[in-house]
Amino acid sequence: GHCLVANPYGGPPGRVALRDGVDGYVFWTRNIAPFLDALDLVAAAGLPFVVHYTLTGYPRRLERRVAEAGRSIDAIAGLVSRFGGGGVVWRYDPILLSELTPADWHIDNFTRLADRLAGLVDEVAVSWLDLYRKTLRNLKGLGQIDPPAEQKSALLRCLAAIAETRGIRLTLCTEPDLAQRSGLAEARCIDAERLGRRAGRAIAARHKGNRPGCLCAESRDIGAYDSCPHGCVYCYAVASAAAARARFRAHDPNGDFLTPSHRLDSAGPKKVK
């Protein structure tokens, strides 16, 4: 009925209701298979949901433990068959140019994926890699490239054209200047209209506290940093792959927190050693 979310900036954790007052869910994943029974519970509770399925097909050197692309595509097809169309958004995100993944590689790779996802999804959300300090550190030695805006725009227009011919609309996440330059629609990752279509009713939503260019409806994030063991070297949410694997192994399905790195007492959350 609820969960507790650690405050990454310090202070007391947040308590988030999981049923009462909930309009719907938006889930992000690279591997939905272990979560299918949970989705059945969400559907049985009458709550609409949308799954953002990240599928990039990058080389193993960039994505060490991600499911093979064919398995992910089969999983997306299974979601559509099980829960109906319109409930999955493909994420080709982030776009990373490197010696392993130059622009021509992206065009060929994106085309192969779009061919197989045609008829299963109607939107692909993309964004360019954000070069945080920990991202730069993890990408060291991989020939990472940050091209000028015009080169980014040219590649985005090419990908959008590929997607359009397959009935998929490409949207750009939280990059308004680049979206305008490229003539692309901006993404609404927390999309109340899509959730409303899934629910068969209008869902009222407001936009509050968004960063520039973010069109998401107001929501509560129940994720946690350093909790994903997929080992993507470009990930902004994992500073330590070893810590993420340890936290994943220590996850308690009956616990209030996603990871057992905090506990509650009269003084507030404390690190558990």
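I take buried to mean under 20% relative accessible area, exposed to mean over 50%, and partly exposed to mean anything in between. D256, with a relative accessible area of 35%, is therefore partly exposed. I note at the start that this is a predicted model.

**Entry: D256**

I looked up where D256 sits. D256 belongs to the loop between α8 and β9, the latter being residues 262-263. I then listed its contacts, leaving out residues up to four places away in sequence, and found that D256 touches H2, C3 and L4.

**Entry: the whole chain**

I counted the elements next and got 8 helices and 10 strands in the chain. The radius of gyration is 19 Å, close to the 19 Å that the globule rule gives for 273 residues, so the chain is as compact as a globular protein of that length. I read the spans of the C-alpha trace along its principal axes as about 55 × 45 × 35 Å.

How much of the chain counts as buried? I found 42% of the 273 residues. For the accessible surface I noted about 14,600 Å², with 51% of this belonging to carbon and sulfur atoms. Among contacts in the chain with a separation of 6 or more, I saw that 69% are made by residues 24 or more positions apart. I also looked at charge: the chain has 37 positive and 29 negative charges, and their mean positions are 6 Å apart.

In soluble globular proteins, nonpolar side chains tend to be buried together. I looked for such groups here. The largest nonpolar core has 52 residues, and the members that touch the most others are W90, Y92, F110, V124 and L170. There is also a second, separate core of 14 residues, which includes V50, C189, I190 and C216.

I followed Y92 further. Setting aside its neighbours within four places in sequence, I found Y92 in contact with a list of residues that includes L55, Y58, W105, F110, L113, V124, A125 and V126.

**Entry: A125**

A125 came up in that list for Y92, so I looked it up under its own name. A125 lies in strand β6, residues 123-128. Is A125 buried or exposed? At 0% relative accessibility, A125 counts as buried. Not counting residues up to four places away in sequence, A125 touches V89, W90, R91, Y92, D93 and T171. I also took G21 as a reference point: A125 and G21 are 104 residues apart in sequence and 28 Å apart in space, C-alpha to C-alpha.

**Entry: backbone angles**

Most residues other than glycine have a negative phi, and most peptide bonds are trans. I looked for exceptions. The peptide bond from D93 to P94 is cis, with omega near 0°. P94 is part of strand β5, residues 88-95.

For phi, I noted two residues other than glycine with positive values. T174 has a phi near 55°, and D226 has a phi near 50°. D226 is found in the loop between α7 (192-199) and α8 (241-249). Its relative accessible area is 16%, so D226 is buried.

**Entry: T174 and P176**

Where is T174? T174 lies in the loop between β7 (169-172) and α6 (176-182). With a relative accessible area of 14%, T174 is buried. Leaving aside its neighbours within four places in sequence, I found T174 in contact with R211, P212, G213 and C214.

P176 lies in helix α6. At 30% relative accessibility, P176 counts as partly exposed. Not counting residues up to four places away in sequence, P176 touches E186, P212 and G213.

Definitions and conventions: Residues are numbered from 1 along each chain as its sequence is written. This is a predicted model: local features need pLDDT of at least 70, side-chain atom pairs count only at pLDDT 80 or more; totals for chains, interfaces and linings use all residues. Side-chain values use heavy atoms; hydrogens and water are left out. Helices (H or I, at least four residues) and strands (E, at least two) are DSSP runs, numbered from the N terminus. The radius of gyration is taken over C-alpha atoms; the globule rule is 2.2 Å times the number of residues to the power 0.38. Buried means under 20% relative accessible area, exposed over 50%, partly exposed in between (1.4 Å probe, protein chains only). Contact means heavy atoms within 4.5 Å. Accessible areas come from the Shrake-Rupley method with a 1.4 Å probe; for residues, only the protein chains shown count as cover. Lys and Arg count as positive and Asp and Glu as negative; His and the chain ends are not counted. The place of a charge is taken as NZ of Lys, CZ of Arg, CG of Asp or CD of Glu. A nonpolar core is a set of buried Ala, Val, Leu, Ile, Met, Phe, Trp, Tyr and Cys residues joined through side-chain atoms within 4.5 Å.
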